[in-house]
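I opened the model to look up a few local features. My notes follow in the order I took them.

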Amino acid sequence: MVPYAFPQNQKKINTSISVKKIMASIFCDRKGILLVDFMPPGATINATAYCETLTRLRRAIQNKKRGMLSHGMCLLHDNVWSHSKHVTTALLEKFKWDILDHPPYSPELAPSNFHLFLHLKKHLAGKKFNDDEEVQEEVMMWFKGLAADFYDSGIQKLVPRLNKCLDNASNYVEK
């Protein structure tokens with residue numbers, strides 16, 4: 001048996017506390033943000049929490065977009081279990097919202113992933129915040145400062161991505 005020798009030029013890796021993250025559910029349409037729902041620290045999104053968020057979204061739409069709910073709604077959300085549980089699907093049926101199918105493991109189809117968060121990450125890069133509230137304020141200020149064409153371009157990019165995915169038998173599409 002040969003003993004393993006560690007190279008002498010091996011570097012010691014310094015460990016540090018990872019960056020704290022804040023989770024939020026973000027809903028927008030072609031004209032802007034409809035709802036940003038920041039989650040409490042340590043919270044997870046289960047079917048009950050998601051239904052509560054959808055109810056807040058419905059109220060936000062009623063308050064911001066008069067008449068929009070009467071013209072039909074189409075919701076694109078991924079297929080995580082909290083979105084597909086019976087209680088969630090029953091609520092969406094009650095709201096009479098259509099669901100745009102989201103193939104499994106296809107993050108490239110969510111405008112938040114390929115458009116919104118991409119730009120938000122660039123905006124927040126290198127900034128330091130003292131607490132969660134400062135982060136939330138900065139995020140909301142950034143959202144409010146965006147023009148409607150920013151949101152519209154993100155939604156417009158969805159159509160070719162969705163078509164490419166459907167042409168590929170709903171398999172994962174890189175770009």
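**Aromatic cluster**

I found that Trp142, Phe143, Phe150 and Tyr151 form one aromatic cluster. The model is predicted, so I took local features only at pLDDT of at least 70 and side-chain atom pairs only at pLDDT 80 or more, while totals for chains, interfaces and linings use all residues. Residues are numbered from 1 along each chain as its sequence is written, and side-chain values use heavy atoms, with hydrogens and water left out.

I paired rings of Phe, Tyr and Trp (its six-membered ring) if their centres lie within 6.5 Å; planes under 30 degrees apart count as stacked, over 60 as edge-to-face and the rest as tilted. By this rule I count four aromatic pairs. The pair of Trp142 and Phe143 is tilted, because the ring centres are 5.5 Å apart and the planes stand at 50 degrees. For Trp142 and Phe150 I noted centres 5.9 Å apart and planes at 80 degrees, so this pair is edge-to-face.

I then checked burial (buried means under 20% relative accessible area, exposed over 50%, partly exposed in between, with a 1.4 Å probe and protein chains only). Trp142 is buried at a relative accessible area of 12%, and Phe143 is buried at 3%. Phe150 is buried as well.

**Helix α3**

Helices (H or I, at least four residues) and strands (E, at least two) are DSSP runs, numbered from the N terminus. Which residues of α3 are buried? In this helix, residues 86-95, I list Thr88, Leu91, Leu92 and Phe95. They lie on the same side of α3, because they cover an arc of only 95 degrees around the axis; the arc is that of the directions from the helix axis to the C-beta atoms. His86, Glu93 and Lys94 are exposed on the other side. Just after α3, I noted a positive phi of about 60 degrees at Lys96.

**Strands β1 and β2**

I looked at β1 (residues 24-29) and β2 (residues 32-38), which pair in the antiparallel sense over six bridges; two strands pair if DSSP finds at least two bridges between them. The two form a hairpin with two residues between them. I find Ala24 opposite Phe38 in β2.
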